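Here is a short report on one protein chain. Keep the model open as you read.

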Amino acid sequence: MIILVAAGVVTCLLQDWVDAGVIFGVVMLNAVVGYIQEAKAVAAIDALSQAMTTEATLIRAGEQLRLPATEIVPGELVQLQAGDKVPADLRLLRTRELRVDESALTGESLPVEKGGERVAKDCPLAERGNMAYASALVTYGTGAGLVVATGDATEVGKISQLIQEARDLKTPLTRKIDQFSKVLPEGLPAAVTITLAIGVSRMAKRRAIIRKLPAVETLGSTMVICTDKTGTLTENQMTVQRVEAGGQSVAVSGGGYAPAGDVSPAPGPAALETLRAGLLCNDTALVETDGRWDLAGDPTEAALLTSAGKVGLDHEAEEAALPRLDAIPFESQHQYMATLHDAGDGRRLAYMKGAVEKVLARCTAALDADGAPVALDTAAAHAQVDELAGAGLRVLAFARVDVPAGQDHLHHKDVAGGLTFLGLQAMMDPPRAEAIDAIKACQTAGVTVKMITGDHAVTATAIARQIGIAGAVDEAVTGAEMAALHDREFIDLAQRVNVFARVTPEQKLRLVEALQTRGLVVAMTGDGVNDAPALKQADIGVAMGITGTDVAKDAADMVLIDDNFASIEAAVEEGRGVFDNLVKFIAYALPTNVGQGLVLIAAILLGITLPILPLQILWINMITAVLLGLGLAFELKEPGIMQRQPRAPRSPIISTAVLVRIGVAGVILLIGAFALFEWAQAIGGSVEEARTVAVNVFMSVQIFYLFACRSLRHSLFTYNPFGNRMIVLGVAVVICLQLLFTYAPFMNVAFGTASIAFAEWAMIVLVGVVAMVLMDALGWLLRRLHID
């Protein structure tokens, strides 16, 4: 840019206003784009401040007050209830069925139960049940806690500091362009901007919104993708996978909350009763709107409603047959929920669901395959639970008991013992089917995919194995294990291991930095406040459009509209296509400069008349770069683009093969232009006519060479030469302009040209065709010799 400004000043001093206008136009375009990008880059901090602006209920001098969170100080007592955003970091003193959504901070996919019990000092942040953190959302229950940290001292405040400390890294493209533009002509910045902008448009159609232009190409050079689990690799909707009851194992398929899916084999009496218990012992509702099923309540309970619906159990019909009379809500100290129902004729029936150990401890019998009560085999039940938990499934147990006739209220003593164990329902947030294919495509393309999540290690490992990130013997490494490692050990681990669980925000950032120290180009996905520092540090940060916080989106380079990992793979593919097109433009544009330079140098050394004049050179550059070369930006991706390995970050833009192409094409232009310049004079043409021939030789070679540049990996005879409509349109316009350049009197005066005959046109076209064939043959030879 400095060189461009200097060149613009010189052209102004020389009163060459046309050249000066073009140069300063390019400078202004790049300055405006750069300013817009920089303005967005610092918006993450502002979004974080807005995210922390909330009100809170607190007790001061015995009075209950509602004040802005900014007025809270450590030591104050804050009250929480469902719907509140936690205003500061709180040490909980008392709770009643308090559940808090900390997913934006910890990555935990479900609301977390909170209590006042003490925890170990080194307990991971996600497992501190006696703490409520600023920016978390209270989803259920009530509580009160003492303020222990506010502002920057909170856990989310520390993330703000990490964002500020994270460096804005230059992308591989910007690093290469910085070096390359020192020796290149001024057409490159505009070409880069336009090519990237086209890439932005194409990615938007594939559900990826680009916020910073260089990110388009960076995706194409990505070597490692560090991705969150919940919602990106998984559906972010709990789904029952298996029902174990009466010695029968029932597999349940289908994702989401729609009651659609296969249940195999058909559930027996015990399995049906287990599903009925999950349907009736439930406080959540599912609502269908335009084919979309949304929950009002708890995701776990929604999964139970869905599994019952898949076997034909209708919620309204079941409740009509067994009306609810009373319920014991779920409480963390009891870890179960129970409901009382009118079974007709004065009979009362209670259903229970909850943690396996709590439910089994109250059971004395179980249902067999026919639904008849038998003695409970507790050991066998626990063995089933261990197997399911080992597969990363969350397991709930179900039971029932007859309550004295006529009783309309349910108490804990009524379900303290003598229950009949019905069975188990095992659920998980299932992986996206498209994510599995996308991960496989990334691995084929030489891109390593790593899962970094705040979830449990067992769950993370199970999902990673299902989607192909981890092998059968691979295990997740936890945040606690990472914290004990020295820097060198940590860097080795970061590159070797693909699954990380219970990771803190600082560790996410540290993982990205560790991978970058190995020279890897890293893409990082995330949606929460806790992901923002790592998103900013990564070579490309990818935020989620649906579940992502404003902080994450503002720190990211790209936002996924559908929160789907498959969109990242599509963006990587598009990014590779963008870089291919940039290289094609350079391979096409530079021979013009090389050829012009060689022609002028040869004329000076030989002491003969210049074959082309400076103003004619300007004409050639304007036409070839704008009307012809930029058509390559619209080229579609070439076959097999995702079978290549990622480019090395230190590899130059111009490879050996491209350099050879540029040199040979420049020599062809030198020979063709010089030969026909001399030939035109030899057959009696004036110098003006000979120069017109030379200029048209440049244009002819560049037109035919353009078709050879549509692919640098395949022969032009293997694809449709007219497949790129922008190139065809550009060629048509250039032909019309060259006819004006040659025959229009005002152009003859302005550029020093003259009319030429048909024989001269025939030779000009012949040189172009020969150049195209020679360049295609050169491409074949380079591929045969494996010269990249």
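In which helix does Leu-606 lie? Leu-606 lies in helix H21, residues 565–606.

## About the model

This is a predicted model, where local features need pLDDT of at least 70, side-chain atom pairs count only at pLDDT 80 or more, and totals for chains, interfaces and linings use all residues. Residues are numbered from 1 along each chain as its sequence is written, and side-chain values use heavy atoms, with hydrogens and water left out.

Helices (H or I, at least four residues) and strands (E, at least two) are DSSP runs, numbered from the N terminus.

Leu-606 is exposed, with a relative accessible area of 59%. Exposed means over 50% relative accessible area, buried means under 20%, and partly exposed is in between (1.4 Å probe, protein chains only).

## Aromatic rings

The structure holds 5 aromatic pairs. Rings of Phe, Tyr and Trp (its six-membered ring) pair if their centres lie within 6.5 Å; planes under 30 degrees apart count as stacked, over 60 as edge-to-face and the rest as tilted. One of the pairs is Trp-619 with Phe-741. Their centres are 5.2 Å apart, with 15° between the planes, and the pair is stacked. Trp-619 lies in helix H22 (residues 614–628) and Phe-741 in helix H25 (residues 725–743), so the pair ties together parts that are 122 residues apart in sequence. Both residues, Trp-619 and Phe-741, are buried.

Phe-741 also pairs with Phe-751. Here the centres are 5.5 Å apart and the planes are at 55°, so this pair is tilted. Phe-751 lies in helix H26 (residues 745–751), and is buried, as is Phe-741. Trp-619, Phe-741 and Phe-751 form one aromatic cluster.

## Charges over rings

Two arginines come next. The charged end of Arg-510 sits over the ring of Phe-490, 3.8 Å from its centre. Arg-647 lies over the face of Phe-579, at 3.5 Å from the ring centre. A charge sits over a ring if NZ of Lys or CZ of Arg is within 6 Å of the ring centre and within 35 degrees of the ring normal.

## Strand S10 and its partners

Why is strand S10 (residues 239–245) largely enclosed by the rest of the structure? The reason is that 5 of its 7 residues are buried. S10 pairs with strand S21 (residues 419–428) in the antiparallel sense, over 5 bridges. Two strands pair if DSSP finds at least two bridges between them. Arg-242 has Ala-426 in S21 as its bridge partner.

S10 also pairs with strand S11 (residues 248–252), antiparallel, over 4 bridges. In this hairpin, 2 residues lie between the strands, and Gly-246 takes a positive phi near 60°.

## Strand S17 and its partners

Strand S17 (residues 347–354) is mostly covered, with 7 of its 8 residues buried. Strand S16 (residues 336–344) runs antiparallel to S17, joined by 8 bridges. Leu-340 stands opposite Ala-350 in S17. S17 is also joined to strand S20 (residues 394–403) by 7 bridges, and these two run antiparallel.
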